[in-house]
Amino acid sequence: MKFSLLREMVFVTALLSAPSHGCGIAAFVPSTNLQSGYGNGLCQSTTSEVSEGLQVMESRILSPETTDLGGNPRKVGLALQLDDGTRKSHSMAENSAFVTGFFKGIGTRDAFASLVTSLYFVYDAMEDEFDRTEDELVRFLDVEELRRRGPLELDMEYFHGPDWRDNIRVSPATKIYVDRIREISGDNPHLLIAHQYSRYLGDLFGGQMMGGMATQSLGLDEGKGVAFYEFEGIESTSDFIVDWYRKLNRLDLSDKEKEAIVDEANLVFGLNIGLFEELEGSPLKAMWTVMTKSLKERLNF
């Protein structure tokens, strides 16, 4: 009943606003045969326009029955394309730069505070655009439990004090990253899906481990400064990720759009390496600190 009423409302609205083409509202005569449609054909151009309008309103979210074939959703659809397309395109040097960059980030407290600051600007831009966008595909994947701006604000206060908003600035690499987010949000909002995939899933996959290493390496107060890596609303990381991949595969995207999203995900990887390269810290020192502390814990030293 609700869909029928909505359809009637859309039809009437379109009829009233459509150009007459020599056939005004008075010329429209409802059909006595409900099976034949909404009119008797006296105003063919108007009914055609209405039909097109209804098609535009159709959702681009496919039903689970058409996409969920059982098993691991990462083995099919856009999920598979993103996993394969990003993994295969990264060289050994790029992967090494990413890992080394993270350890560089936890080499000193100042370096880590700078990394947190960069991430704050990135997620502030991302989530601001998620709030603004009318793209239903992006909104479909935008899950509240994944949002990081709130946790990052806690970390910013820990590292920079209560007046942190007045004392931070955007670094050059961070500005490039943020500008890219703003750019695609206006021109190609579906590319924001690549940023959701690259950042949020990466945070979920390695968050607990990375937060623990940062705490160990820098001697942070327990539970402080690493709120970014904690997802309190998610009980099972693996189950959540599987469900998110299933939602990803329900997006009704063309092959060209999917390829563009994979390309954008690879660009995001490079943008994140850019953030790490700006940091001043010793990756070897951080690695050594984490390794020795882990060894001492295992040996009960």
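Which residues line the largest cavity? In this predicted model, the lining consists of Phe112, Val116, Leu119, Leu152, Asp155, Gly225, Phe228 and Tyr229. Helix H6 (109–132) and helix H8 (149–160) are the elements that give two or more residues to this lining, and the largest share, three residues, comes from H6. By class, six of the lining residues are nonpolar, one is polar and one is charged. The volume of the cavity is about 30 Å³.

Phe112 leads the reader on to the nonpolar core. The largest such core has 65 residues, and Phe112, Leu146, Trp244 and Leu248 are those with the most contacts inside it. H6 again provides the largest share, here twelve residues. Trp244 may be examined in detail: leaving aside its neighbours within four places in sequence, it is in contact with Leu141, Val143, Leu146, Gln196, Tyr197 and Leu201.

The largest pocket holds about 850 Å³ of space. It is lined by 30 residues, and Phe98, Ser198, Gly202, Phe205 and Phe269 are the closest to its centre. Among the elements that give two or more residues to this lining are helix H4 (77–89), helix H5 (92–105) and helix H12 (255–277), while the largest share, ten residues, comes from H10. The lining divides into 18 nonpolar, seven polar and five charged residues.

The second largest pocket contains about 360 Å³ of space. Of its 16 lining residues, Ser114, Ser118, Arg169, Ser171 and Leu279 lie nearest the centre. The largest share of this lining, five residues, comes from H6. Its classes are five nonpolar, seven polar and four charged residues.

Note on methods:
Residues numbered from 1 in each chain as written. Predicted model: local features only at pLDDT ≥ 70, side-chain atom pairs only at ≥ 80, totals over all residues. Heavy atoms only, no water. 1 Å grid on protein atoms, 1.4 Å probe; cavity = no way out; pocket = protein on both sides within 12 Å on 5 of 7 lines; lining within 4 Å. Points joined across faces, edges and corners; volume = space filled by probe spheres on them. Helix = DSSP H or I, 4+ residues; strand = E, 2+ residues; numbered from the N terminus. Nonpolar A, V, L, I, M, F, W, Y, C, P; charged D, E, K, R; others polar. Core = buried A, V, L, I, M, F, W, Y, C linked by side-chain atoms within 4.5 Å. Buried < 20%, exposed > 50% of the residue type's maximum accessible area, 1.4 Å probe, protein only. Contact = heavy atoms within 4.5 Å.
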